[in-house]
Amino acid sequence: MISISVMALVFGVVFLAELPDKTALAGLVLGTRYRASYVFVGVAAAFVVHVVLAVAAGSVLTLLPQQLLHALTGVLFLCGAAMLLLKGGEDEEAVREPKDQSFWKVSGAGFMLILVAEFGDLTQIMTANLAARYDDPLSVGLGAVLALWAVAGIGIVGGKALMKRVPLSLITKIAALLMLALGLWSLYEAIA
């Protein structure tokens, strides 16, 4: 059974954390050079791989005693909030151009770029934390995948216009505040 509330929460947190990330910029660059649908297929497939790995790791964490699990996820959320607030301006990913514009070359380039750039990224760690926190792998996985796909779509199709209207620093601060709140709530539950 899918929990809409868990899925929505995960979507919101992952979406806000991923929007100012280098991946949105890489998607924007690929989308301006190549056919958007080809880029999106590769990027979307890479995000599915990352979410499956993160949810699996988070599901293993649910085997810990509840108080220890709440304390651990609380600390990890607080670390994530600190990383968001303290990270400086990231350079745009260097994007290797495929030699041609074929589906397999373009989607393969998008897949490899995201697979490498996102491995161990903040949103992957957050997804693992959320999977451990809510013990609902399907809802967490679905929320995370949809958020990452939404950011990729925005980055590929309309990222330039959004970045002109919404400052990345504001998006980063909102994501950090959400993570801070989740971290404090988890620590409260560990103590209570």
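This is a predicted model: local features need pLDDT of at least 70, side-chain atom pairs count only at pLDDT 80 or more; totals for chains, interfaces and linings use all residues.
Hi everyone, let's start at a loop. Aspartate 135 sits in the loop between α6 and α7. Aspartate 135 is not a glycine, yet its phi is positive, at about 50°. Is this residue buried or exposed? With a relative accessible area of 54%, aspartate 135 is exposed, because the cut-off for that class is over 50%.

Step along to proline 137, and you are in helix α7. Proline 137 has a relative accessible area of 36%, so this residue is partly exposed. Which residues does proline 137 contact once we leave aside its neighbours within four places in sequence? The answer is Val55 and Ser59. Proline 137 and valine 55 are 82 residues apart along the chain, but their C-alpha atoms are separated by 5.9 Å.

Now let's zoom out to the whole fold. The protein has eight helices and zero strands, and from the N terminus on the order is simply α-α-α-α-α-α-α-α. There are 192 residues in the protein, and buried ones make up 45% of them. If you take the contacts between residues at least 6 apart in sequence, 91% of them join residues at least 24 apart. The contact of proline 137 with Val55 is one to keep in mind here.

On to the core. How many residues does the largest nonpolar core have? It has 36, and those with the most contacts inside it are Val10, Val14, Val39, Met126, Leu130, Val140 and Met179. Two or more core residues come from each of α1 (4-18), α3, α4 (66-86), α5 (103-118), α6, α7 (137-165) and α8 (168-191). The element that gives the most is α7, with eight residues.

Let's pick valine 14 from that list and look around. Beyond its neighbours within four places in sequence, valine 14 is in contact with Thr123, Met126, Thr127, Leu130, Ala144, Ala147 and Leu148. Two of those contacts, Met126 and Leu130, are also on the list of residues with the most contacts inside the core.

Follow the valine 14 contacts to threonine 123, a residue of helix α6. Threonine 123 has a relative accessibility of 3%, so it counts as buried. Leaving out residues up to four places away in sequence, threonine 123 touches Val14, Ala17, Glu18, Glu118 and Leu148. Threonine 123 and alanine 54 are 69 residues apart in sequence, and from C-alpha to C-alpha they are 9.1 Å apart in space.

Rolling a probe the size of a water molecule over the atoms shows where empty space is left. Searching the whole structure gives one cavity of 30 Å³ or more, and the largest cavity holds about 50 Å³ of space. Sorted by class, the lining has four nonpolar, four polar and one charged residues. Helices α3 (36-61) and α6 (122-134) each supply at least two lining residues, and α3 has the largest share, with four.

Last stop: the aromatic rings. A pair of aromatic rings is described by the distance of the centres and the angle of the planes. The search of the whole structure turns up five aromatic pairs. In one of them, tyrosine 38 and phenylalanine 103 have ring centres 5.2 Å apart and planes at 90°, so the pair is edge-to-face. This pair links distant parts of the chain, with tyrosine 38 in helix α3 and phenylalanine 103 in helix α5, 65 residues apart. Phenylalanine 103 counts as partly exposed, at 26% relative accessibility. For a second pair, look at tryptophan 185 and tyrosine 188: their ring centres are 5.5 Å apart and their planes are at 35°, so this pair is tilted. Both residues lie in helix α8, three residues apart, which is about one turn of the helix. At 45% relative accessibility, tryptophan 185 also counts as partly exposed. And to finish with the rings, Tyr38, Phe103 and Trp104 are linked into a cluster by ring pairs.

Notes: Residues are numbered from 1 along each chain as its sequence is written. Side-chain values use heavy atoms; hydrogens and water are left out. On a 1 Å grid over the protein atoms alone, a cavity is a set of points where a 1.4 Å probe fits but cannot get out, and a pocket is an open set with protein on both sides within 12 Å along at least five of seven lines; lining residues have an atom within 4 Å of a point. Grid points are joined across faces, edges and corners, and a volume is the space filled by probe spheres set on the points. Ala, Val, Leu, Ile, Met, Phe, Trp, Tyr, Cys and Pro count as nonpolar, Asp, Glu, Lys and Arg as charged, and the others, Gly among them, as polar. A nonpolar core is a set of buried Ala, Val, Leu, Ile, Met, Phe, Trp, Tyr and Cys residues joined through side-chain atoms within 4.5 Å. Buried means under 20% relative accessible area, exposed over 50%, partly exposed in between (1.4 Å probe, protein chains only). Contact means heavy atoms within 4.5 Å. Rings of Phe, Tyr and Trp (its six-membered ring) pair if their centres lie within 6.5 Å; planes under 30 degrees apart count as stacked, over 60 as edge-to-face and the rest as tilted.
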